Amino acid sequence: MSNESTATPSPEELVADLLDLLNVEDRGGDRFRGKRKRGGVGRVFGGQVIGQALASAELTVPADRPVHSLHAYFVRGGNEDYEIDFRVERDLDGGSFSNRRIVASQQGQTILNMLASFHKREDGAHHAQPMPQIAGPEGLANEATLRREAAVAAGRTPRGPARPRPIELRPLDPLHWMQEDARPPVSNVWFRAAAPLPDDPKIHRAVLAYASDMTLLSTCVLPHAELSWAKGTIMSASLDHAIWFHDDFRADEWLLYTCESNWAGRARGFNNGRIYTQDGRLVANVTQEGLIRPITPKPRA
């Protein structure tokens with residue numbers, strides 16, 4: 001007999017929950033509120049805060065000015081026990097650009113500061129770095145399946161990312177948890193929403209912002225086999241995160257996230273990523289620096 005509370009949600013249900021999460025409540029006076037993640041426990045996922053902050057800012061900007069960049073600093077870790085409040089400041093509404101400052105807080109304490117810039121569409125010169133010549137997503141296993149298989153093989157109960165998620169990831173390269181040996185800090189992952197999304201471009205930008213916090217930080221850990229979340233030898237957190245939106249896309253169609261890290265040191269790692277559509281258009285660039293502090297594993301009880 002199936003138990004509704006433990007039944008595996010469908011992709012459509014997972015995406016519906018994600019859309020509900022990113023649909024912030026307008027509380028008036030450029031104040032907004034983001035919901036808690038359904039069933040969330042522990043620290044809030046950074047992509048959620050960025051996605052909700054962007055959704056809040058976009059509600060204060062004319063529809064003909066899509067976001068072209070955002071720059072966020074994580075001040076404190078968010079808590080899944082509480083909703084998130086967003087305050088938007090309208091710093092500029094010029095002839096072509098609008099700028100917004102967004103402060104996210106919980107229980108009166110700031111957890112994220114973000115700047116976002118919006119630009120009317122204009123024609124201009126164009127060039128772009130080509131997409132890497134790599135295999136497409138067809139035939140690749142998704143990350144949740146790989147994690148479940150690894151957990152079962154190790155005699156563990158699948159948890160966390162091993163459960164179905166609203167964003168489907170199909171890695172081309174072994175991720176940090178897949179291998180014991182050090183390797184170059186490069187990662188290529190296909191991703192998309194697990195079910196169709198509405199046509200509103202704002203929703204697709206918010207979903208991309210949410211997904212852009214996945215796999216990026218772990219890229220700088222790949223050359224350091226001694227650093228392992230599974231072994232408890234690393235403390236990590238996103239410190240800042242920036243996205244540049246270049247072109248239109250759909251987040252429910254396959255996007256390639258090609259990530260690399262060109263520096264790590266002083267308990268921090270720097271990462272950058274490029275996001276392409278399957279037909280090779282470069283639609284976004286992402287950068288992030290994160291804490292990657294080596295720690296001594298706690299002894300098991």
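Let's start with W254 and the residues around it: setting aside residues up to four places away in sequence, W254 touches P137, E168, R170, W190, F191, R192, Y276, T277 and Q278. Keep in mind that this is a predicted model. W254 sits in a loop, the one between β9 (234–245) and β10 (255–265). With a relative accessible area of 9%, W254 falls under the 20% cut-off, so it counts as buried. Another residue to look for here is G136: in sequence it is 118 residues from W254, yet in space the two are 9.0 Å apart, C-alpha to C-alpha.

Now move to N272, which you'll find in strand β11 (residues 268–277). Is N272 buried or exposed? Its relative accessible area is 16%, and because that is under 20%, N272 is buried. Again leaving out residues up to four places away in sequence, N272 touches L216, T258, C259, E260, N262, V286 and T287.

Next come the aromatic rings. A pair of aromatic rings is described by the distance of the centres and the angle of the planes. How many aromatic pairs does the count come to? The count is two. One of them is formed by F45 and Y210, with 5.0 Å from centre to centre and 75° between the planes, which makes it edge-to-face. This pair links distant parts of the chain: F45 is in the loop between β2 (31–34) and α2 (46–58), while Y210 is in helix α4 (residues 201–211), 165 residues apart.

| Residue | Relative accessibility | Class |
|---|---|---|
| W254 | 9% | buried |
| N272 | 16% | buried |

Time to zoom out to the whole protein. It has four helices and twelve strands, and its C-alpha trace spans about 60 × 45 × 45 Å along the principal axes. Why call it a compact globule? A compact globule of 301 residues would have a radius of gyration near 19 Å, and the protein has 19 Å, so the two agree. Of the 301 residues, 44% count as buried. Among contacts with a separation of 6 or more, 71% come from residues 24 or more positions apart.

The accessible surface comes to about 15,700 Å², with 49% belonging to carbon and sulfur atoms. There are 36 positive and 38 negative side chains, and the centres of these two sets lie 6 Å apart.

Methods. Residues numbered from 1 in each chain as written. Predicted model: local features only at pLDDT ≥ 70, side-chain atom pairs only at ≥ 80, totals over all residues. Heavy atoms only, no water. Helix = DSSP H or I, 4+ residues; strand = E, 2+ residues; numbered from the N terminus. Rg over C-alpha atoms; globule rule 2.2 N^0.38 Å. Buried < 20%, exposed > 50% of the residue type's maximum accessible area, 1.4 Å probe, protein only. Contact = heavy atoms within 4.5 Å. Areas by Shrake-Rupley, 256 points an atom, 1.4 Å probe, with all protein chains shown as cover. Lys, Arg positive; Asp, Glu negative; His and termini not counted. Charge placed at Lys NZ, Arg CZ, Asp CG, Glu CD. Phe/Tyr/Trp six-rings, centres within 6.5 Å; stacked < 30°, edge-to-face > 60°.
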